[in-house]
Amino acid sequence: MHHFHYSGSDLQCESVDLAAVAGLYGTPTYVYSAATMEDNFRRLQRGLAGLDAQLCYAMKANSNLAILRHFSNLGAGFDLVSGGEIRRVLAAGGNVQTSVFAGVGKTEAEIALALENGIFSFHVESEPELARINHVAGKLGVKAPIAIRVNPDVDAHTHAKITTGKSDNKFGIPLKYAAAAYEAAAKYPNLKIKGVQMHIGSQLTSVAPFVEAVEKVAPFAADLKARFGITYFSIGGGMGIIYKDALASGQQAWWDAQPADKRPLTPESYGAALVPLLQPLGLKILLEHGRFMVGNSGALLSRVEHLKRGAGKNFLIVDAAMNDLVRPAMYDSYHEIVPVHRDSSRRALVTDVVGPICESGDCFAKDRQLQEVGEGELIAFLSAGAYGYTMASRYNTRGMAAEVLVKGSAFELINARETFEQMIAGEKVPAFLK
Ligand SMILES: *Cc1c(COP(=O)(O)O)cnc(C)c1O
């Protein structure tokens, strides 16, 4: 469920016409629905009723300050992966004390920043990292709260670049060595063992791998509770979203029409499968969903530059490019593309949808069937709220896109389009070239 829909012929986010947003702020522009994020948050919370659960929103999915504040207001902490992300949480007025710090290569400065701001826990990925956190905590005269990320060796059946829970990934410590890692952690004077963590991958579309992973790790978590008095189990993130039927999936009727054996993962089915496995542990449960929280809350608005008709091949050239939304180029991912103004009298068009960047990989869709659109008309890439803006770059000296947040009939610019001057602000020609 989400809040992108047609009102008559016009695509809206909540009650706002997307054409109006593009008219005011130009294109390419990301538009996000505050109501969709709130729904996602509340549904997940309800799905986990019966657990002492805390969402640590994985902010790498979308770390705009306004969105962090929105989740913080709802009661979320954050799953952080860098010192920059800690500073974003602080700048947004969010709570570091309910946040966790993940990642395989935390620097000493990042560890110190997290400790100084009272991080809830570090999610540790290796034994050398235990030594480093212990060292920094000692210098600051504090005890660092930690959990070790265990790798349950579960196949998440997702894209190779986003699977993380197999033993050949760089993430976590294999379950069979994890007990030894906890023994090692217990010997460090400046560490406090607080929990255990896992995360098996991203964009999971069935509950089975989550169940398999929780079943594998839960007995170990119970042991850790008995031996070290751990108080929490973080089961990671990874819930997938609908990309293929993105527009239709905004309506309850679409969900009702899905055959029982093919129903996509929902927060309700996720909770129903996991709560009974987790409840007996008597531990606080942390969740680190990113994509699910924001993915279907966002669309990328773009304007058509040209329709280039070729021999047996059409190219719709638009003003968004792989630097704005890299997922199709990087993960071969699918984004539904819809016209902002729907017109049933138009012919259908089969076309590649491409950006202006000088790379064949700058292609959003191949042989996609769309309503015919022409120069100056608007389209929207749906399900673009997660790993969209945060993975964007300035390739081809294209400034970062604008971002807009909608709430009901209100909308506001939450990130201005980057100017050329901002792009080159740190650059200079050295004296020896002058
Ligand atoms: C990326 C990441 C997440 C979030 O993954 P989603 O698929 O966006 O939910 C959660 N936990 C960790 C450790 C991650 O690296």
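Hi everyone, let's start where two helices touch: Glu-108, Ile-111, Ala-112, Leu-115 and Glu-116 in helix 5 meet Arg-132, Ile-133, His-135, Val-136, Ala-137, Lys-139 and Leu-140 in helix 6. Contact here means heavy atoms within 4.5 Å. Helices (H or I, at least four residues) and strands (E, at least two) are DSSP runs, numbered from the N terminus. By class, this contact of helix 5 with helix 6 has seven nonpolar, one polar and four charged residues. For those classes, Ala, Val, Leu, Ile, Met, Phe, Trp, Tyr, Cys and Pro count as nonpolar, Asp, Glu, Lys and Arg as charged, and the others, Gly among them, as polar.

A quick word on what you are looking at. This is a predicted model, where local features need pLDDT of at least 70 and side-chain atom pairs count only at pLDDT 80 or more, while totals for chains, interfaces and linings use all residues. Residues are numbered from 1 along each chain as its sequence is written, and side-chain values use heavy atoms, with hydrogens and water left out.

Back to our pair. Two packed helices are described by the angle between their axes and the distance between the axes. Axes are lines fitted to C-alpha atoms, for helices over the stretch in contact, and angles run from 0 to 180 degrees between N-to-C directions. Helix 5 and helix 6 pack at about 55°, and their axes are 10 Å apart. The two are therefore oblique to each other. On that scale, angles under 35 degrees count as roughly parallel, over 145 as roughly antiparallel, 65 to 115 as roughly perpendicular and the rest as oblique. The crossing of helix 5 and helix 6 is right-handed: a crossing is left-handed if the near helix is turned anticlockwise from the far one by less than a right angle, and right-handed if clockwise.

Which residues of helix 5 are buried? In helix 5, residues 108-116, they are Glu-110, Ile-111, Ala-112, Ala-114 and Leu-115. Buried means under 20% relative accessible area, exposed over 50%, and partly exposed in between (1.4 Å probe, protein chains only). The cover over these residues includes helix 4 (83-91), strand 7 (100-101), strand 8 (121-124), helix 6 (127-140) and strand 9 (144-151). Just after helix 5, Gly-118 has a positive phi of about 70°.

Now compare two other helix pairs. Helix 2 (residues 34-47) and helix 3 (residues 65-74) pack at an angle of about 40°, with axes 11 Å apart. Helix 2 and helix 3 are therefore oblique to each other as well, and helix 2 passes helix 3 in a right-handed crossing. On the helix 2 side we find Ala-34, Met-37, Glu-38, Phe-41 and Arg-42, and on the helix 3 side Ile-67, His-70, Phe-71 and Leu-74. That contact has six nonpolar, one polar and two charged residues.

Then there are helix 8 (residues 208-228) and helix 10 (residues 267-278), whose axes come within 10 Å and cross at roughly 10°. That makes helix 8 roughly parallel to helix 10. Here Phe-210, Val-211, Val-214 and Glu-215 in helix 8 meet Tyr-270, Ala-273, Leu-274, Leu-277 and Leu-278 in helix 10. By class, we have eight nonpolar, no polar and one charged residues.

Next, some single residues. Val-406 lies in strand 20 (residues 402-407) and is buried, at 0% relative accessible area. Leaving out residues up to four places away in sequence, Val-406 touches Cys-13, Glu-14, Val-16, Val-31, Tyr-32, Ser-33, Ala-34 and Phe-411. Cys-13 also counts as buried, at 0% relative accessibility.

What about disulfides, meaning a pair of cysteine sulfur atoms within 2.5 Å? By this rule the count is zero. Cys-358, for example, is in no disulfide, and the nearest cysteine sulfur, that of Cys-363, is 15 Å away. Cys-358 is exposed, with a relative accessible area of 66%.

Let's finish with the backbone. A cis peptide bond joins Thr-27 and Pro-28, with omega about -5°, and Pro-28 is in the loop between helix 1 (18-25) and strand 4 (29-33). Asp-367, in strand 18 (residues 363-371), has a positive phi of about 45° although it is not a glycine. At 48% relative accessibility, Asp-367 counts as partly exposed.

Conventions
Disulfide = S-S within 2.5 Å.
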